[in-house]
Amino acid sequence: MAMITSLSTWLRSNEHTLAKSGIDTARLDCLVLLENELAINRAKLLANQHEILLTTKQINRLAKQVKRRATHEPLAYIRGKTEFYGHEFFVSKDTLEPRPESEDMIAILQSLSGIRDNDHLVDVGTGSAALAICSQLVLPNIQVSATEISQKAITIAEKNVARYNLHIPILHGNLLDPLSTPPDVILANLPYVPNSHTINKAAMQEPAIAIFGGDDGLDVYREMFSQMSHRKWRPIYILTESLPPQHRNLETIANAHGYQQTKEADFIQLFEPTTD
């Protein structure tokens, strides 16, 4: 027998279900799932919540999604996509969900006066390739490539690159190892959470390799700077992301490899070669 219910009834019931599971954003999450299922914007959903009826198929699909969200699985994984810097990207459990704080990296990148046409930018540890793609979109005259150690993440990254019809090679390997030519600009949103740090239930479902960075959280950054110095590469800009309390230690690491901090914005630091 077909089951039909009003949007308002579904919303009330499932908001309660998620709230009982400890989801602080229960109502918002339900609205996001509804927007995704019905392809109707939120304002229209709310204005017509008593008139819009859900079919049996829609109810069943939504029930599976609510069940997943009740386990604190990130909405981005349930939807298979997320928004970053005004653009939509595919994501999966093999990629970290791009964070709003990372958008500052693109804003700073866009403001830099020393970047020239055809300069080579590399997004190290690209994940979904959101940073690499946004870099190419805001600076269309530069060359962009990316590296990634996870082959499964590369599959998602290449899917996103194809979606935007861009030419961004995604190179398989550890940090700078896959590069054959030196980059002029490095974007590095690398794992930076200390191993002992407690993360929330949603983050626990993201790939640990993309989150944890050793005892103080900065081991992967140490390795990247070491790789760069070993090759005697001198990019004109290096942008990194880490927790603000880690910034002084990351600056010390950069200083030891001939770089000084020239800008800081929340989670983001900008490093340039130390002047002699």
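This is a predicted model: local features need pLDDT of at least 70, side-chain atom pairs count only at pLDDT 80 or more; totals for chains, interfaces and linings use all residues.
A residue counts as partly exposed when its relative accessible area falls between the buried class, under 20%, and the exposed class, over 50%. At 46% relative accessibility, Lys 93 therefore counts as partly exposed in this structure. A search of the whole structure finds 14 salt bridges.

**Salt bridge between Glu 73 and Lys 93**

- Glu 73 and Lys 93 form a salt bridge in which the closest N and O atoms are 4.0 Å apart.
- Glu 73 lies in the loop between helix H4 (56-70) and helix H5 (75-79), and Lys 93 lies in the loop between strand E4 (87-90) and helix H6 (103-111), so this pair ties together parts that are 20 residues apart in sequence.

**Salt bridges of Glu 88**

- The side chain of Glu 88 meets that of Arg 163 in a salt bridge, at 2.7 Å from N to O.
- Because Glu 88 belongs to strand E4 and Arg 163 to helix H8 (residues 151-163), this pair ties together parts that are 75 residues apart in sequence.
- Arg 163 is partly exposed, with a relative accessible area of 35%.
- Salt bridges that share partners also occur elsewhere: they join Arg 68, Glu 73 and Lys 93 into one network.
- Glu 88 also meets Lys 81 in a salt bridge, with 3.9 Å from N to O.
- Glu 88 has a relative accessible area of 22% and is partly exposed; Lys 81, with 21%, is partly exposed as well.

- Strand E11 (residues 268-273) pairs with strand E9 (residues 237-241) in the antiparallel sense, over four bridges.
- Within this pairing, Ile 268 in E11 is the bridge partner of Glu 241.
- E11 also pairs in the antiparallel sense with strand E10 (residues 259-265), over six bridges.
- For Gln 260, the bridge partner in E11 is Glu 272.
- The hairpin of E10 and E11 has two residues between the strands, and in this hairpin Asp 266 takes a positive phi near 55 degrees.
- In a regular strand, side chains alternate between the two faces of the sheet.

How values were computed. Residues are numbered from 1 along each chain as its sequence is written. Side-chain values use heavy atoms; hydrogens and water are left out. Two strands pair if DSSP finds at least two bridges between them. Buried means under 20% relative accessible area, exposed over 50%, partly exposed in between (1.4 Å probe, protein chains only).
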